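Biologist: Please take a close look at one part of this structure, the place where the two chains meet, and begin with the annotated site.

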Amino acid sequence: MGDAQMEEGDNTREIEVAPALIAVDPAQRSVAVAVGSDLRVYDLIGDCPVSLVDDSAKPFHSDSIRAIRYDASGKLFVSAGDDKLVKIWSTDSWFCISSVCCEKRVSAVAVSNDGLFVCFADKFGVVWVVSLKGDAENQALADKKAAPMLAHYCSIITSLEFSPDGRFIVSADRDYKIRVTVVPKNPLDGAHEIQTFCLGHSEYVSCLDFIHSPDYPHGLLISGSGDSTVRLWDVTLGSLLDTCEIGSKFDRRFTFFLKAELSATDGIEEDPCHAVTDLCTCPNGTSVALAVQSLKGIMLLNCNLSAKTLSMAKVVLVEGETLIPTSLGTSLSEGLLWMVTGISKLQGFDHSSLARVRAVSFPEDDGRDAEPVLLRDDEIPGGQKLLERLQGSVSIGNDVFLAASEALKTSMRSLLIKKQYSDEKREFRKRTRNDRKLKH
Amino acid sequence: MIEKETTSTFNKSTGLPRKRFYRARAHSNPLSDSHFPVPLSPSQFDYSLHYPQLVPAASDDDNPKRIQFADIGCGFGGLLVALSTLFPDKLMIGMEIRDKVSEYVKERISALRTTNPGQYQNISVVRTNSMKYIPNYFEKGQLTKMFFLFPDPHFKEKNHRRRVISPHLLDEYAYTLAVGGIIYTITDVEELGEWMKGCLENHPMFEALMEEELENDLVVKLLTSATEEGQKVARNGGQTFQAVYRRIAPPL
């Protein structure tokens with residue numbers, strides 16, 4: 001094999017693109033979408049676009065936003081990403097309360113259930129914590145300093161989640177691991193006590209969420225992964241309760257959808273792996289919605305909390321357009337599941353950061369088999385005005401999203417999947433090592 | 001011809017593998033992506049492969065023997081071999097990231113097992129990156145002793161995160177150790193010795209052993225006498241710096 005051939009793939013670095021993200025206020029008072037460095041918020045109560053106010057030294061984000069979320073009360077909003085800034089916003093005035101500088105790029109954020117601590121994780125596996133105590137009164141723009149709380153050893157942390165009872169903070173990484181850590185009285189002193197590890201995924205873990213109900217207040221953890229499985233865990237014991245294989249041969253009904261969608265999108269090779277890219281628990285409290293790489297729509301799983309099982313329920317396809325969701329969001333009160341697709345920095349197209357937003361409604365569960373309904377653009381709360389704000393434009397060509405989903409797939413793959421080299425290639429890659437040089 | 005070559009890597013009188021055929025670079029980058037197999041979880045670690053006599057494959061024992069001692073960065077395995085006869089009823093494992101060195105330890109153990117039937121059945125070695133994969137090998141509170149002997153000092157500040165003892169990694173070691181379990185560290189580099197002691201001293205789940213306890217602990221003497229690195233330091237008349245700490249329950 002020639003040198004040039006060996007080099008191939010090493011130097012052709014893909015431009016890093018970031019997926020569009022969506023977050024919904026817990027009471028659906030507002031919806032936020034992040035595309036690239038752009039943060040867009042729509043106020044559903046006032047039915048108007050929100051203009052953000054940021055007086056800090058480094059106003060607004062200057063690079064791709066990688067994580068956004070509301071706190072449980074909906075009073076706070078946090079955004080963070082590749083510009084190594086964590087911005088904490090008050091949702092009353094959409095004023096940036098605090099801008100925290102980080103040494104590394106930020107990959108995930110979480111807010112403690114009491115709204116007193118903001119945690120964020122960086123690309124080197126360290127989870128940092130900032131205290132918000134006292135900020136509510138003075139509203140001063142404080143230069144907060146973050147303290148290291150825990151760390152995965154040099155692995156990108158993909159998701160951070162507090163347990164519903166607030167006892168644990170759960171972190172997932174690229175090395176197939178989910179770590180459950182006891183939240184100490186003062187998180188600023190570090191969280192040293194590991195409750196357990198949830199091990200079983202055979203690829204990067206991409207997303208986490210808790211599903212809970214009044215009968216099961218501690219809830220169960222659900223994780224999605226690049227190994228095309230979704231798993232259900234007990235976080236106190238770290239035990240794997242159930243595994244749901246996406247597109248397994250046992251669910252022909254659903255693989256049909258995946259295969260059909262797939263051949264339509266890339267047509268080059270049949271990809272046997274359907275990486276789960278995002279998941280969120282649905283307003284009805286028993287379903288879990290999944291975004292799956294190359295599925296034009298969402299997949300719904302049923303979670304039975306008392307039997308501790310996960311099962312495939314249905315696929316909601318988005319007809320008539322290419323919409324492979326990059327992120328999902330829901331409000332627990334209003335029965336709507338929101339999805340977004342889009343990426344930042346798309347090469348070869350005029351619009352650099354476009355997004356497409358859709359919503360699925362879950363009707364009241366009086367009739368047992370109430371079907372989820374994909375809302376038309378004019379049925380979405382906020383209608384055209386909301387779409388204009390969150391998408392950047394009302395109508396967007398299909399080809400853009402097709403290109404976007406391909407670019408994103410490549411980018412996420414190079415970010416999260418471990419490279420496999422043949423023995424020959426591995427030896428070749430050592431050629432510039434100092435001890436090898438001396439031999440010649 | 002071929003036979004002659006393969007036998008010559010073993011010492012004729014002792015039957016042990018000869019180190020000169022297993023030379024390796026002294027350093028390995030713990031941050032790089034690993035390409036060796038790692039068990040997905042502790043339950044998938046195949047004990048029968050490592051301890052065929054003590055944990056047979058088809059044992060339907062509800063409470064099978066589990067590894068209790070781990071030598072992290074076991075090098076050429078001197079400590080394991082010494083501990084094996086001292087604690088014949090405990091299973092122990094050496095973890096080493098350098099391929100050739102772990103290969104040497106494997107051959108050494110298998111040679112010892114052959115020449116001393118019935119002995120050295122309780123020690124084994126894996127090639128792994130223990131800084132990344134400790135939880136893949138051991139359950140919570142499974143270990144009673146962990147050894148970090150003469151680890152790579154990583155002098156540069158920018159490389160301190162490669163040190164095997166660090167505040168955040170101690171959280172994982174505390175998870176793996178049972179309450180009362182002991183962590184042994186030793187080095188000939190004063191700066192690293194202070195670093196390791198500092199990390200352990202500041203961690204809420206570790207406390208130092210008393211002077212008296214150290215004197216009564218048979219294992220403490222082995223830290224310098226049994227390991228290849230320790231013997232080298234002694235030969236050169238060097239100093240060593242040790243820190244031995246006990247895992248305690250976290251303060252409420």
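Modeller: UniProt positions are given here in the numbering used for this structure, with feature names shortened, and such annotations may be inferred rather than shown by experiment. The unreviewed UniProt entry annotates B:D152 as "active site". This is a predicted model, in which local features need pLDDT of at least 70 and side-chain atom pairs count only at pLDDT 80 or more, while totals for chains, interfaces and linings use all residues. Residues are numbered from 1 along each chain as its sequence is written, chains are lettered from A in the order in which they are written, and side-chain values use heavy atoms, without hydrogens and water.

B:D152 lies in the loop between β4 (143-149) and α6 (167-176) of chain B; helices (H or I, at least four residues) and strands (E, at least two) are DSSP runs numbered from the N terminus. Because its relative accessibility is 22%, B:D152 counts as partly exposed, a class between buried (under 20%) and exposed (over 50%), with a 1.4 Å probe and protein chains only. The side chain of B:D152 reaches the backbone nitrogen of B:H154 at 3.4 Å.

Turning to the interface, 30 residues of chain A are in contact (heavy atoms within 4.5 Å) with 26 residues of chain B. A:Y153, A:H192 and A:L199 supply 31% of the area that chain A buries against chain B, more than any other three residues; buried area is the accessible area (1.4 Å probe) that two parts lose on being put together, summed over both. Between the chains there are 2 salt bridges, each a side-chain nitrogen of Lys or Arg within 4 Å of a carboxyl oxygen of Asp or Glu. B:D171 forms a salt bridge with A:R179, with the closest N and O atoms 3.8 Å apart.

Note on methods
A polar contact is a pair of N or O atoms within 3.5 Å; within protein, one must be able to donate a hydrogen and the other to accept it, and residues adjacent in sequence count only if both atoms are side-chain atoms.
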